[in-house]
Amino acid sequence: MKKTLYLFALFIAALNLRPIITSVASMMSMIQTELGISALTASLLTTLPVLCMGLFAPVATALSQRLGLERTIFISLLLITLATALRSVDQSITLLLATALVGGIGISFAGPLLSSFIKKYFPASPGIVSIYSVSMTIGAALASGLTIPIYNQNQHNLSLALSCWAAFGFIAVIFWTLLIRKNKPSSSRSQRVKLPLGNKKAIQFTLFFGFMASMFYSLTAWISPIALSFGYSAPNAALLLTVFTLIQVPVALLIPNLVNRSGKIKLWLVLCSVSELIGLVLLLLPVPMLPAVIFLGIGAGGLFPLALMLPIMATNTAEEAGSWSAMSQMGGYIMGAFGPLVIGWIFDLSGRFNVSIIAMLVIVMLMISVQLSMNMGRKAVGAPKGNEAQKS
């Protein structure tokens with residue numbers, strides 16, 4: 001029964017990590033029109049939270065060691081919920097940017113600490129990360145797919161469309177309030193764990209996370225514009241983005257469990273990256289976009305949960321898993337935030353998306369080279385044994 005409660009706690013927390021970003025992304029043109037802002041200013045509404053997810057990730061580890069894991073996750077959910085709910089107060093760019101900042105800080109705390117949560121309560125089952133990944137994908141898909149219909153059905157009420165996603169947060173905050181009341185903070189002080197800045201394996205994980213995030217956010221931002229440039233209608237271009245997002249859900253459930261059974265995480269990392277490579281090559285060929293988008297979605301859907309699994313599998317304690325996750329997400333999300341901007345800059349210079357697609361091909365090949373260089377070792381996934389993570 002306890003395990004079920006912890007699984008639901010993980011699911012409902014992860015569900016809140018993307019709606020504050022994807023609800024805005026789907027409404028970008030409407031926000032520009034209603035508020036009279038430039039495309040650059042509007043892009044800050046999605047870039048700012050992703051940058052925060054990188055810049056503030058190390059703070060999560062320090063707060064967790066001071067306040068406790070569950071209480072810090074609760075604070076992160078509270079920040080995300082308040083930021084989302086505050087969007088109902090006013091339709092101003094100042095408020096939207098401020099809530100993007102606060103929400104991004106909340107997400108930056110929850111991201112690495114949910115990996116700690118999995119390591120603490122499911123130490124022998126890193127595949128549970130699939131619940132984390134799938135829930136986050138569902139939250140992102142719901143917000144990106146339903147925000148516009150909500151906006152249209154409520155007399156173009158922008159504030160309501162962007163703030164209604166706080167409903168997920170209220171449920172999460174109530175549930176986690178009950179959870180932290182049951183889990184009294186430990187009286188014994190845990191050992192302080194620092195970011196593994198000098199650890200070769202942790203650096204490799206960070207580089208991989210960065211390349212993975214760069215690809216994910218570049219594809220999310222540019223799949224629809226690429227489709228439009230290829231002659232697809234606006235509804236079909238939006239449908240291709242929906243396919244890219246939805247196909248990630250079953251893949252994110254399947255891949256971690258396959259890794260759990262086979263133990264060959266490097267193999268699945270490379271296979272998912274090759275899937276993205278195939279998708280990008282297909283975009284360069286005179287063929288329909290749908291097969292390309294499917295391959296890209298399979299790759300993205302598998303790589304994200306594997307990126308979350310790596311710190312869990314490489315460490316021995318929940319504190320270590322949190323610090324390794326914080327480091328990989330700090331560097332990774334900062335790299336990821338600039339991915340769409342670089343792809344857009346290349347398009348502005350060349351005037352063609354083919355050059356941007358070739359740039360993404362280079363990113364994937366760099367990602368594969370990092371994956372092949374990883375020394376995953378023979379560390380068991382079960383209970384901790386000694387200080388293997390420190391020696392790696």
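Phe209, Phe216, Tyr217, Phe244, Phe304 and Tyr333 form one aromatic cluster. The model is predicted, and a search of the whole structure finds 14 aromatic pairs.

**Aromatic pairs**

- The ring centres of phenylalanine 117 and tryptophan 176 lie 5.4 Å apart with the planes at 50°, so this pair is tilted.
- This pair joins distant parts of the chain, with phenylalanine 117 in helix α7 (residues 93-121) and tryptophan 176 in helix α10 (residues 166-182), 59 residues apart.
- Both phenylalanine 117 and tryptophan 176 are buried.
- For phenylalanine 209 and tyrosine 333, the ring centres are 5.1 Å apart and the planes stand at 75°; the pair is therefore edge-to-face.
- Phenylalanine 209 belongs to helix α11 and tyrosine 333 to helix α16 (residues 318-350), a link between distant parts of the chain, 124 residues apart.
- Phenylalanine 209 is buried, at a relative accessible area of 1%, and tyrosine 333 is buried at 4%.

**Contact of α11 with α12**

- The axes of helix α11 (residues 200-229) and helix α12 (residues 234-246) come within 7 Å and cross at roughly 155°.
- Angles over 145 degrees count as roughly antiparallel, and α11 and α12 are therefore roughly antiparallel to each other.
- The crossing of α11 past α12 is right-handed.
- On the α11 side, the contact is made by Phe216, Leu219, Thr220, Ile223, Ser224, Ala227 and Leu228; α12 contributes Ala234, Ala237, Ala238, Leu240, Leu241 and Phe244.
- Eleven residues of this contact are nonpolar, two are polar and none is charged.
- Phe216 and Phe244, which take part in this contact, are also among the members of the aromatic cluster.

Technical notes. Residues numbered from 1 in each chain as written. Predicted model: local features only at pLDDT ≥ 70, side-chain atom pairs only at ≥ 80, totals over all residues. Heavy atoms only, no water. Axes fitted to C-alpha atoms, helices over the stretch in contact; angles between N-to-C directions. Helix = DSSP H or I, 4+ residues; strand = E, 2+ residues; numbered from the N terminus. Parallel < 35°, antiparallel > 145°, perpendicular 65-115°, else oblique. Left-handed = near helix turned anticlockwise from the far one by under 90°. Contact = heavy atoms within 4.5 Å. Nonpolar A, V, L, I, M, F, W, Y, C, P; charged D, E, K, R; others polar. Phe/Tyr/Trp six-rings, centres within 6.5 Å; stacked < 30°, edge-to-face > 60°. Buried < 20%, exposed > 50% of the residue type's maximum accessible area, 1.4 Å probe, protein only.
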